[in-house]
Every structure is written in structure tokens, then in C-alpha cells.
Amino acid sequence: MNTTPSRRHLLTTGLGLAGLAALPSMAQDKFPSRPITLVVPFPPGGSVDIMARQYSEPLSRVLGVPIVVENRAGAGGSVGAQYVARSKADGYTLVVSSQSSHLANPLTQPKIGYDPVKDFENIAILGRQPNALVVHSSLPFKTFKEFIDYAKKNPGKLNYGSGGVGSMGQLNVEMLKVSTGVFTTHIPYRGGTPLITGVLGNELQFILDNLVIMLPHIQAGKVRALAVAADQRLPQLPDVPTMAEVGHPELNLTSWTGLAAPAGTPEAVVQTLYKAVRQVATSPAMVTNLKERGVIVPEEMPPAAFEKMMAERLVKFGDVVRKAGITAE
């Protein structure tokens, strides 16, 4: 396995989690006894990469070994995910999973080369990201109802953007269309950064995507959030109702970022990693860190429950993909 410095680097994020106690020292034949590689299937700087960097240093403290982050980007997260799926199932090569790599891609890319449930041990959720229906501040829609009423009276006149064909941003809006009966036009962008530029430049009318990428712009008044997909109103946006409050609880689906290992990883290793993630996720420093970024602190969800949730969403969004005839480029 290539471990040259040009492709990997140890992270020292300095999150101030020195209070986290390391697990008891283990014999060399016990897990872990050497560095763990944490594969991020996206380029540096994105939401999944940021989450990996938030967790790497405190997980290293808890497990007592270095956590080495490696960015293996390509095909919307599929390249890195496939790499980990085919790696040795010993717990030393993990992937930071997301709804892009483990939901949207498998549903829209027929030859992706891995099954998001069968080819992985899905260990733990690192954080949940609320989605938000966001419009440019210059548009007249002040409420979710006003937005839907206009869309119904003007079919096809509202354009929405996403990070690409088959992305979660598109799947979210297609589910909105099924739930509300509106008809809107999709404008795919090549990734999250161009999408943000498109929203801020008023090149499109709305998006229904990850709140984290838009929160600073909402707070600055450049764009307006009409509803959030979250269990309850968010402290950062106390005046914005949830999807359940506007009459669409079926849209109250948060995105997630998780940790996964190759299928066949020993159960003892999976449990060690799960307990380490929970220790970090519930630490005061991490709770504060996540909340400040608009990320929902992950609830306790053991591996079996995590995989059950994934399987249910694959069915739910799979139906949306089939009805909309979505196939990724």
C-alpha cells in the first residue's frame, strides 16, 4: 500500500480534546496496533473531508494510534469507496461514507462496483447534516407555502440546482416534487462549489441541499431558507420551520456522514471502532464543534441500526430514482 507523504499526511487538527482518554494499551496482536488509514473519497475542503479532519485527531487519542487521512477523490465518491470495499478487512483501512458515496451513487450508477451495505461494515454515524430549501433573497417567496403555490401555478418556470446529475441535491428535489406535485427544472452543476456560486449569483431559483454549505450565506442575508429537514428547529435558524411543520414530515430526512470498513472486518474490531467514535462524538469539545458548524450531533446508533437505516433509505430514494428516470452521467 502506497504511504508516500505526497498522498497521505498525519493530521493534527488541535481541537482541544486532550481530555479524551486513550483506550487501554493492547498487545501487538490486538486491534489497533499500528496506524489506521482513513480514506476520504472526495477532494480536500469539502464537507466530508472536513468531518474526517474533525474526527481524526481525537480518534487517534482514543485509539492510541495515528489516524492517517488519504483523499481518494473521483466519480462523486465512488473511487474511494470502491478502494476501501476491496481493501483488507482488518480495520486498518476505513472510509468516511456519505449519502453521495453510499446512497446516491449506488442508485444512479449501475456499474459502480460495490454494494453500500453488503460490501461494508457500516460502523457509526459521525454527524447528521440538515438539508434546507434555500432561495435567493431577491425572490418574493417568504414562506414554504408561497414557494409551493407559485411552483404549482407556474409549472417548469422554477429552476433548481444540484451538484450534478444523480447527486443528493437532485434526489432531494425529486422527492419534494413527488410529495408536493410541483414541476421544476433541474440545472446540474459540477460539484458543490459551482453550485454555491450559482445560488449566490441568482442563476437558479432554489436548491434543497446540505445546509452546512449554505449556512454562512443564509446568516449573511444573501439567500433565504424556507424550511429545514431536521427533527426540530435549529438554534442557528430559530425562525425557519422544519419540513414537518410545513406539512411534509416525509421530507424531514437529514443527510449523514459515517464511518465504514470492508465487509468481513471482525466484529471485535467493529465494536472497538464504534465505541471510539461514540466517545469522541459525545465529548463536550466535539459537541460544540459540530453544533457551531450546523451539524447535528449523532445519536447513539449501533452498526446494525445504522445499516438498517441505510437499507431503508436505499428503498425510499430508489423509488424516487426510478420514477424520475435518473441516471448519473
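**View 1. Arginines over tyrosine rings.** A charge sits over a ring if NZ of Lys or CZ of Arg is within 6 Å of the ring centre and within 35 degrees of the ring normal. R72 meets this over the face of Y83, 3.5 Å from the ring centre. The model is predicted: local features need pLDDT of at least 70, side-chain atom pairs count only at pLDDT 80 or more, and totals for chains, interfaces and linings use all residues. Residues are numbered from 1 along each chain as its sequence is written, and side-chain values use heavy atoms, with hydrogens and water left out.

**View 2. Aromatic pairs.** Rings of Phe, Tyr and Trp (its six-membered ring) pair if their centres lie within 6.5 Å; planes under 30 degrees apart are stacked, over 60 edge-to-face, the rest tilted. The count is seven aromatic pairs. Y114 and F120 are edge-to-face because their ring centres lie 5.8 Å apart with planes at 90 degrees. Both Y114 and F120 are buried (under 20% relative accessible area; exposed is over 50%, partly exposed in between; 1.4 Å probe, protein chains only). Elsewhere, ring pairs join F141, F147, Y150, Y160 and F206 in a cluster.

**View 3. Strands β2 and β3.** Strands are DSSP runs of E, at least two residues, numbered from the N terminus; two pair if DSSP finds at least two bridges between them. β2 (residues 36–40) and β3 pair in the parallel sense over five bridges. T37 stands opposite V68 in β3. Four of the five residues of β3 (residues 67–71) are buried.
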